[in-house]
Each structure stands twice: as structure tokens, then as C-alpha cells.
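Please open the model in your viewer and keep the selection tool at hand. The stops below can be followed in order.

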Amino acid sequence: QKGWNAGDGNLRLTLKRMSLSLNPNQPDLWAEYLPELIANAAAVSGSVPKFNLSSLSMTSFTSATSQKLGSQLMQAATKLKDKPSIAAPLITLASRLNLGQQQQIDLEKLTQDLILKATEQSNVTATLILAESQPGVAQNNRQTVVPLLVTYIRDELRTGNFTGATKTADLLTNTLKMDIEFGPLILEEFADEL
């Protein structure tokens, strides 16, 4: 602790994160950790600090822990409806848990609210995260998702980020099953050069 130079709050968060990484089956610790994580994220940078949520093995959660943690994650994300970039990783983790039927319904409603807020704010990153974790909800909101992502693809093509453009086009066509043709977009963007 004496050698830690990032402050007591960060030390506590780091220790809790390490404990949860080693044993994520601790709903009481999650109940302490999530509010601190979110408060710290909102105060510091406006995004969730790097805690590789995708590395957690969902098989290590008991069903009771999954449902408790799912409720905690959805409560935290509900408080962050106006900040979809902070709420999106929480939704991603919740969508990977073994939730009850009512929790699934609540998660879909919350995801829809967050997708609408993210597209309203033109927040492509949050929209992509939410669309990947809940493709069905993104499909149901295609009227707002598609224009934002197509605009993003065009911008990425113009700046030469072909990886970002192709990944997003792949998400639209393969994951979200939306009928978007990538070829004509490329031709439109590079018509002057051609």
C-alpha cells in the first residue's frame, strides 16, 4: 500500500477487481465494487476503467450469483441511461449471464433505451457495443442504428480506416442481418478518385 501512488480509492478498486477476477462468484463484493467503479469512471474519464469483463468465465457463476449480479448491473446501467458509453460494458456483461426470464425482458428494454440514447448522441462506440451484445434489440431499432453506422462507415472510408469500416459493415450484415451492401458504399466514397 505504501508503494501505491494512485490513491486509496484506486487501490481499493484494484484489490476488489483482482478478487473478482480470481473468483467472480461473489455477489456481495460485486455490490460494493460496481458503484465504486461507476463513480470513479464518471468522475475520472467518463468511461468504465479497463476491467476486462469479457475475460470472466460465465461458467464460474452460479445461477443465484448470475441473477443477483444481473440485477446489480441493470440497476447501475439504468442510473447511467444518459451515459451509454459507461453503461454499454455493463449491459454486455449482463447479457452474458444466465438471467431469469423477467430479467431478460428488462435487459432488452434497458438495451433499447440505451441504443436510442447512444444513437441520439451519435455515440458509435456505445451503439456498436450494445448492438453486438444484443443484436435482436439493434435489429428492432434499425431505423436509428443503420443510418448512424452507415455514416460511420463512410467516415472511416474517407479517413482510410478500412479495418473499422469493414468490421462495422460485417456487424451490420452478418450479426445484425441488415441488408447493407458494402461495395456501393465504397464506390460512392471513392467516386472522385475513380
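How many nonpolar, polar and charged residues are in the lining of the second largest pocket? By class, that lining has six nonpolar, two polar and one charged residues, where Ala, Val, Leu, Ile, Met, Phe, Trp, Tyr, Cys and Pro count as nonpolar, Asp, Glu, Lys and Arg as charged, and the others, Gly among them, as polar.

Before going on, note that this is a predicted model, in which local features need pLDDT of at least 70 and side-chain atom pairs count only at pLDDT 80 or more, while totals for chains, interfaces and linings use all residues. Residues are numbered from 1 along each chain as its sequence is written, and side-chain values use heavy atoms, with hydrogens and water left out.

To see the pocket, select Trp30, Ala31, Leu34, Pro35, Ile38, Gln72, Gln75, Ala76 and Lys79, which line it. Helix H2 (27-44) and helix H3 (63-79) are the elements that give two or more residues to this lining, and H2 gives the most, with five residues. Helices here are DSSP runs (H or I, at least four residues) numbered from the N terminus.

Next, select helix H5 (residues 101-120) together with helix H6 (residues 124-133), whose axes come within 8 Å and cross at roughly 155°. That makes H5 roughly antiparallel to H6, a term for angles over 145 degrees, whereas those under 35 count as roughly parallel. The axes are lines fitted to C-alpha atoms over the stretch in contact, and the angles run from 0 to 180 degrees between N-to-C directions. On the H5 side, pick out Thr111, Leu114, Ile115, Ala118 and Thr119, and on the H6 side Ala126, Thr127 and Leu130, which together make the contact (heavy atoms within 4.5 Å). These residues divide into five nonpolar, three polar and no charged.

Between these two helices, stop at Ser122, which lies in the loop between H5 and H6. Phi of Ser122 is near 55°, a positive value in a residue other than glycine.

Terms used: Parallel < 35°, antiparallel > 145°, perpendicular 65-115°, else oblique. 1 Å grid on protein atoms, 1.4 Å probe; cavity = no way out; pocket = protein on both sides within 12 Å on 5 of 7 lines; lining within 4 Å.
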